[in-house]
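Please walk me through this protein, starting with the whole chain and then turning to a few residues.

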Amino acid sequence: MLGYRFTKYLAHKDLSDTTFDQLFNVFNELLIITGGDVSEALSWLTNIDKQYNITDGQYGMGDFIEDLKNKGFISDKTPDGSFEITAKTEQNIRKNALEEIFGKLKKSGKGEHKTNFTGLGEEPGTDRRNYEFGDLLHQISMTDSLRNAQINHGLGDFMLTEDDLEVVESEYKTQTSTVLMIDISHSMILYGEDRITPAKKVAMALAELITKKYKKDTLDIIVFGNDAWQIQIKDLPYLQVGPYHTNTIAGLELAMDLLRRRKNKNKQIFMITDGKPTCMKQGIKYYKNSFGLDPKILNKTLNLGAQCRRLNIPITTFMIASDPYLQEFVKEFTTVNNGNAYYSSLQGLGNLVFEDYKRNRKKRY
């Protein structure tokens, strides 16, 4: 009898990926690193192609650039004729970031996250109860109601009364308003470590998640350096670090102002940073101190954390630095706010953001 024969497994190249697909995947990554600079990304891609021989005699970089234009991923219709990415590419980058960081969502159940509260919600539940005045017609379970009528009145003299009616409870789904704060101070690229690119990927993935899966939620994105300002989702691929200090105070003040305008009861702030507050504005001047934790800046930051707590706005801080004294600052800030803190590596940042967002959507503050 011939049994099984085992041989060494040899991985085969995925023939489904064309040369364009391979180049395009790398090109998207380079666009995030270069802040959406098409020319610089193509220059880097050309050097990578020389090293790894992605193209061949049949398909070259010129063909790739032409395909990018024909497929609507880049455009040269600028005043100076330079290339720029299109809205199609911006959305594609966000989609890729979502799949890379939150890929495990594909294994989860259908629908949105729900709370443990019932009432006039939007998602039918499994619980049944007697009809009450004010219940809507679509909530009535006709099968259960007809069964009750047969039991209560019999088949010979069939009738359906109000006492026979049963309704299906609906589950109340929360709506959450989130402000995502991203540190763009100079330290985000210091010491040979690129921290801004993973932060951008997380922001783009979170934006894609909310706009596609939780359409009734809101997401506002703030960047903070010497000052703080709001950016749009479409601006994320172009985000770059500046020669800035860290004005956490300005970021928190702007976040609170944005959340005041939101009517949702559930509000939260996510802050991605790698450093301590080193700057605050006094009138038209900046007060700066990069040497240690300045009490003047620290106290103002802690006061804003406490103010958010009184307004029922939890702050989740994702600290992507491991300095002990910085972790002590985050610990103190988290205590006064009664929020959450994570001391994350760059690789685990995306999963932490998603898990905290998912958990907070189940709360009613």
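The questions and answers below go from the whole protein to single residues.

Q: What kind of model is this, and how are its residues numbered?
A: This is a predicted model, in which local features need pLDDT of at least 70 and side-chain atom pairs count only at pLDDT 80 or more, while totals for chains, interfaces and linings use all residues. Side-chain values use heavy atoms, with hydrogens and water left out, and residues are numbered from 1 along each chain as its sequence is written.

Q: How many helices and strands are there in the protein?
A: Helices (H or I, at least four residues) and strands (E, at least two) are DSSP runs, numbered from the N terminus. By that count the protein has 10 helices and 13 strands.

Q: What percentage of the residues in the protein is buried?
A: Buried means under 20% relative accessible area, exposed over 50%, and partly exposed in between (1.4 Å probe, protein chains only). Of the 365 residues in the protein, the buried ones make up 46%.

Q: Where is T55 found, and is T55 buried or exposed?
A: T55 sits in the loop between α2 (38-52) and α3 (61-70). Its relative accessible area is 17%. Because buried means under 20%, T55 counts as buried.

Q: With which side chain does the side chain of T55 make a polar contact?
A: A polar contact is a pair of N or O atoms within 3.5 Å; within protein, one must be able to donate a hydrogen and the other to accept it, and residues adjacent in sequence count only if both atoms are side-chain atoms. Contact in general means heavy atoms within 4.5 Å. Leaving aside residues up to four places away in sequence, T55 touches T19, L23, D49, G60 and M61. The polar contact, at 2.7 Å, is with the side chain of D49.

Q: Is N53 buried or exposed?
A: N53 is found in the loop between α2 and α3. N53 is not a glycine, yet has a positive phi of about 55°. Its relative accessibility is 58%, so N53 counts as exposed.

Q: What is the phi of N312 near?
A: N312 lies in the loop between α8 (295-310) and β12 (315-319). With a relative accessible area of 46%, N312 is partly exposed. N312 is a residue other than glycine, and its phi is positive, near 60°.
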